[in-house]
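This briefing covers helix packing, the nonpolar core and selected residues. Please keep the sequence and the structure in view while reading.

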Amino acid sequence: MFLATAKEFLAKEYPLDRIRRPDGGEFAGFDRAWWTSAADLGWTALLVPEELGGGTISDDGTRDLALLAEQLGAGVAPGALLPTNVVLAGLVAAHGTGPDHTDTIGSLMSGESIATWAVYEPGAPWSPHRPGVTATPVDGGGFRIDGTKDRVEAASQADLLLVTAATPDGTVQILVPATAEGVAVAPQWSLDLARAFGTVRFDGVRVDAGAVVGRPGDADVIERQLQTALVVQCAEVCGGLTTMFDTTVQWAFDRYSFGRPIASYQALKHRFADMRTWLEACRAITEAAAAAVGQRTDEAPQLVSAAKVFVGERALRILQDCVQIHGGIGVTWEHDLHLFLRRATVDQSLYGTPDDHRRRLADLADAAEHAESAVSAALREAAP
């Protein structure tokens, strides 16, 4: 019922005709009243435990969120599902280890506030633990923040920015109100027609010590946010792939060539078989990653990166095949295909490219090998 309600809600409020914008106008952002209604449906409560006012459908909030993201991806819907839930994941992970952000969690769950993760920086690759933005401790407590973030999703609509910044004690995350003095937000051009991104400049922004999320140098909170972002992103892409694959198969049965549906030709049958196999593999690895993140298993870091690598690469190949099978209409503005291709292309580069995550997998494997060697050496020394 939860997913059926979400699907009906999306079809009514943000059909593809509205996303496509026949007038060719720029995307100015999603309707905030609509997002509040989405929050009322529970879209922002899934990662928040009951003691903080949240709740899940299946007792696995990450899995529920992934299923919801798949519905949004099926219609390339806008909204703050990923940015707000990634911030909530960080606030929940840090709860009890630093300043109290219970009120912020409540306002995000209700849809009263919107938050986004400001983690990318101009000209820099994915490197959340090595921010160029600085948070300098000031007399009397608190920090002065200087620097620039970019590729910030929903930056112009966010009320709160969760900013990664460098301090003498390590990387810290700080909640900064978008209206704070010294914060300047500028829109960035986006290939995705349904999402807006922006550049955020921090020029001597002052915040008190209570704005810190968790503790400086705590890498676990950032890791939790990354895992959540990748699960939502991969699930959204899988939703879009399913929509476009089904559309393309139907097109192949409707389109005739030499008196036969083009779907009857053997070459296309083989191609559809390959596409379907890759699509099911994308869904399988995303579900495995979501389960690992939800259950907080040791394999979660590896699985989310593996999902990003596989989905990030196969999604574009499947969609390019869809475009080719559609022939000339596959590249027209009026057809829906380009909406999904744009979304998947942007998603491939956000929160680390497939190559970034290959390197991460190699680093994780090296770390595991060293840990295993250390344990073996300790056991040998302890042996009588």
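**Helix pair α7 and α8**

The crossing of α7 and α8 is left-handed; that is, the near helix is turned anticlockwise from the far one by less than a right angle, with clockwise giving right-handed. The model is predicted: local features need pLDDT of at least 70, side-chain atom pairs count only at pLDDT 80 or more, and totals for chains, interfaces and linings use all residues. Residues are numbered from 1 along each chain as its sequence is written, and side-chain values use heavy atoms, leaving out hydrogens and water.

- Helix α8 spans residues 266-295, and α7 packs on α8 at about 155°, with the axes 9 Å apart.
- Axes are lines fitted to C-alpha atoms, for helices over the stretch in contact, and angles run from 0 to 180 degrees between N-to-C directions.
- α7 and α8 are therefore roughly antiparallel (over 145 degrees; under 35 is roughly parallel, 65 to 115 roughly perpendicular, the rest oblique).
- The residues of this contact divide into 15 nonpolar, four polar and four charged.
- Ala, Val, Leu, Ile, Met, Phe, Trp, Tyr, Cys and Pro count as nonpolar, Asp, Glu, Lys and Arg as charged, and the others, Gly among them, as polar.

**Gln 225 in α7**

- Gln 225 sits in helix α7, residues 219-254 (helices are DSSP runs of H or I, at least four residues; strands are E, at least two; both are numbered from the N terminus).
- Gln 225 counts as buried because its relative accessibility is 0% (buried is under 20% relative accessible area, exposed over 50%, partly exposed in between, with a 1.4 Å probe and protein chains only).
- Leaving aside residues up to four places away in sequence, Gln 225 touches Val 86, Ala 89, Gly 90, Trp 117, Leu 162 and Gln 173 (contact means heavy atoms within 4.5 Å).

**Nonpolar core**

- The largest nonpolar core has 121 residues; Trp 43, Ile 174, Val 176 and Tyr 351 touch the most other members.
- α7 gives the most to this core, with 15 residues.
- Such a core is a set of buried Ala, Val, Leu, Ile, Met, Phe, Trp, Tyr and Cys residues joined through side-chain atoms within 4.5 Å.
- Beyond four places in sequence, the residues touched by Tyr 351 include Trp 117, Leu 226 and His 357.

**Helix pair α9 and α10**

- α9 (residues 300-325) and α10 (residues 337-349) pack at about 155°, with axes 10 Å apart.
- That makes α9 roughly antiparallel to α10.
- Their crossing is left-handed.

**Helix α6**

- In α6 (residues 102-110), the buried residues are Thr 104, Ile 105, Ser 107, Leu 108 and Met 109.
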